[in-house]
Amino acid sequence: LKKYLIQFSRPFIYSTAPSPLVMRALVASTEYHQEIFEDRVAALKEKIRFFKETVSFAIPGLRLRGEGPIFFIVLGGSQRSLDVASHLQSRGFDIRAIRYPTVPDQEAGLRISIHANQSEYSIKTMVQVLSEKISAVEAKQ
């Protein structure tokens, strides 16, 4: 059986290898990402700085956790976090509530991810919508 497979299975064995075109595309993709890596990292760091600055100005005293591109805003209370996340989602922002049992109920909040390709306008608008919603929730209490 072994000899038979060696002699007659060559089309199957060799057809699974990537084609030279696919290999060249992978090499070109890798080279491209190496070229733009530094610029993407710099752009991401700038967007993170802009987000932190904007949110701290717009919502003083907000409990913001995170040093990288992923932030957690502590809102306290699962229902409050769900309400704010739902409002942001209705305005087009994919921001999720993180709540009990993932975190203690009074530590519930929002997970926000910043990306290098986000515009400053988008970040500013999201912070404005967040600020308005938090103010409206606090006014009800």
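What share of the contacts in the protein chain with a separation of 6 or more comes from residues 24 or more positions apart? That share is 66%, where a contact means heavy atoms within 4.5 Å.

Before you start clicking, a word on the model. It is predicted, so local features need pLDDT of at least 70 and side-chain atom pairs count only at pLDDT 80 or more, while totals for chains, interfaces and linings use all residues. Residues are numbered from 1 along each chain as its sequence is written, and side-chain values use heavy atoms, with hydrogens and water left out.

**Stop 1: the whole chain**

Show the cartoon and read along the sequence: the pattern is α-α-α-β-β-α-β-β-α, giving five helices and four strands. Helices (H or I, at least four residues) and strands (E, at least two) are DSSP runs, numbered from the N terminus.

Buried residues make up 29% of the 141 residues, with buried meaning under 20% relative accessible area, exposed over 50%, and partly exposed in between (1.4 Å probe, protein chains only).

**Stop 2: the largest nonpolar core**

Select F51, L88, L110, M126 and L130. Of the 24 residues in this core, these touch the most other members. A nonpolar core is a set of buried Ala, Val, Leu, Ile, Met, Phe, Trp, Tyr and Cys residues joined through side-chain atoms within 4.5 Å. Colour α3 (20-58), β2 (70-74), α4 (78-90), β4 (109-113) and α5 (120-140), the elements that give two or more residues to the core. Helix α5 gives the most, with seven residues.

Zoom in on L88. Leaving out residues up to four places away in sequence, L88 touches F93, I95, L110, M126, V129 and L130.

**Stop 3**

Go to V127 in helix α5. V127 counts as buried because its relative accessibility is 1%. Beyond residues up to four places away in sequence, V127 touches F51, T54, V55, A58 and I59.

Then pick R80, in helix α4. Is this arginine buried or exposed? R80 counts as buried because its relative accessibility is 19%. With residues up to four places away again set aside, R80 touches L75, I134, V137 and E138.

**Stop 4: a cis peptide bond**

Finish at P101, in the loop between β3 (96-98) and β4. Most peptide bonds are trans. The bond from Y100 to P101 is cis, with omega near 15 degrees. P101 counts as exposed because its relative accessibility is 67%. From P101 to K140 the C-alpha distance is 26 Å, across 39 residues in sequence.
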